[in-house]
Amino acid sequence: MGVMSREAACSLVKNSLCVLTAGDHITFAFQGGEPGLAGLEFFKFFVDEVKKAVPPRVKVDYCMQTNGLMIDDEWCVFLKENNFLVGLSLDGDAALHNQNRMDSVGKGTFSRVMESKSKLDRHKVMYNILCVLTLESARRAKRIWDFIVQEKVTHIQFIPCLEPLGSEPSEGPALTSARFYRFYSALYPLWKKEVAKGNMISVRFFEDLALLFLAGQPVTCGISGRCSPQIIVEADGGVYPCDFYVLDEYRVSDLTKHTLQEAFEAVAKSDFLKEGRQLPDGCVSCTYSKWCKGGCKRMARAVYGENCGMKRFLDECLQDLLAVFRSLIK
């Protein structure tokens, strides 16, 4: 798809902000491929266009998911000045990270990512770590956790490595539901031990579970088993309902031609959100089915598959996890 043109960016900004009024809140999130390849000047241009078009008393936030290879001091100054939340891709220690994250000449990128992390720390840029769980790395819960603690990571989100859409199970790096369960069941007591020390490290999955079961708030759509309207925009302005399904057949709008409200309504009415699901037999009698409803359909094999990894983790750890969060909010 390439990099979004400045003309498309102008139209997107205008059509997104024109329907907002005082008290509204919008977040522009850049991800997919490597956003940094668009160049710092593009980002400066985009933010300037937002400043020109934003209505009074509308709050604007920005976030950016990056592999970190483009981050230098000039980038950090810009990110800090504009309050970007950065998601930095880091898959554990050097050996684990370099297994799958190599540059164009086949060299591992761990040391370069760690340099970027140091720059973000030095400039006090807000960031969290995004760690991809492969079948192999999910065997190394303690090793990954020791690295997190050693590097003083404060916020981390683990995402499963998935099979390509429509593919059959293979011997590749994709996570399985059994390995998902084993990873989190090993990680949980390590996290709990740090909490007891007063070192509260934010693990997104644990916090999502607490919000869902204690407050009835499904922060991420996948954890509640119900697709909610999302506005995913490609470089040409095309709008899609989910970042896992940016395919021609699911394109529903164009944010260079339609307003944000029109795009949202198109997503909400899309066939994608209406698609039914055939849930596994085990979901019918499952204790947690009213909460997760079979989970995210794209992650079905990696998380909720045969002998559901989510259920096994919840059976083992949920009540204790909720007790930990209750103690934290007293």
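Helices (H or I, at least four residues) and strands (E, at least two) are DSSP runs, numbered from the N terminus. The exercises below concern a predicted model, in which local features need pLDDT of at least 70 and side-chain atom pairs count only at pLDDT 80 or more, while totals for chains, interfaces and linings use all residues. Residues are numbered from 1 along each chain as its sequence is written, and side-chain values use heavy atoms, with hydrogens and water left out.

**Exercise 1. Determine where Val-203 is placed and which residues it contacts.**

Step 1. Val-203 belongs to strand 6.

Step 2. The relative accessible area of Val-203 is 1%, so this residue is buried. Buried means under 20% relative accessible area, exposed over 50%, and partly exposed in between (1.4 Å probe, protein chains only).

Step 3. Once neighbours within four places in sequence are set aside, Val-203 is in contact with Trp-145, Ile-156, Phe-158, Leu-187 and Trp-191. Contact means heavy atoms within 4.5 Å.

Step 4. Between the C-alpha atoms of Val-203 and Phe-110 there are 21 Å, the two residues being 93 residues apart along the chain.

**Exercise 2. Describe the sheet that contains strand 6 and identify its edges.**

Step 1. The open sheet is formed by 6 strands in the order 1-2-3-4-5-6, with parallel pairing. Two strands pair if DSSP finds at least two bridges between them.

Step 2. Strand 1 (25–30) and strand 6 (202–203) each have a single partner strand and therefore stand at the edges, one side of each being left without a neighbour in the sheet.

Step 3. The pairing of strand 5 (residues 155–160) with strand 6 is parallel and rests on 2 bridges. Ser-202 in strand 6 is the bridge partner of His-155.

**Exercise 3. Characterise the packing of helix 1 and helix 2.**

Step 1. Two packed helices are described by the angle between their axes and the distance between the axes. Axes are lines fitted to C-alpha atoms, for helices over the stretch in contact, and angles run from 0 to 180 degrees between N-to-C directions.

Step 2. For helix 1 (residues 6–17) and helix 2 the angle is about 30°, and the axes are 10 Å apart. The two helices are therefore roughly parallel to each other; angles under 35 degrees count as roughly parallel, over 145 as roughly antiparallel, 65 to 115 as roughly perpendicular and the rest as oblique.

Step 3. In the contact, Arg-6, Ala-9, Cys-10, Leu-12, Val-13 and Leu-17 of helix 1 meet Glu-41, Phe-42, Phe-45, Phe-46, Glu-49, Val-50 and Ala-53 of helix 2. Classified by residue type, this contact comprises 10 nonpolar, no polar and 3 charged residues. Ala, Val, Leu, Ile, Met, Phe, Trp, Tyr, Cys and Pro count as nonpolar, Asp, Glu, Lys and Arg as charged, and the others, Gly among them, as polar.

Step 4. Helix 2 (residues 40–53) also lies across strand 1, strand 2 (59–66) and strand 3 (84–89), and runs at about 165° to strand 2.

**Exercise 4. Locate Lys-152 and Lys-293, and state how accessible each is.**

Step 1. Lys-152 lies in the loop between helix 6 (141–150) and strand 5. Its phi is near 55°, a positive value in a residue other than glycine.

Step 2. Lys-152 counts as exposed, because its relative accessibility is 67%.

Step 3. Lys-293 occupies the loop between helix 12 (289–292) and helix 13 (300–303). Although Lys-293 is not a glycine, its phi is positive, at about 50°.

Step 4. With a relative accessible area of 36%, Lys-293 is partly exposed.
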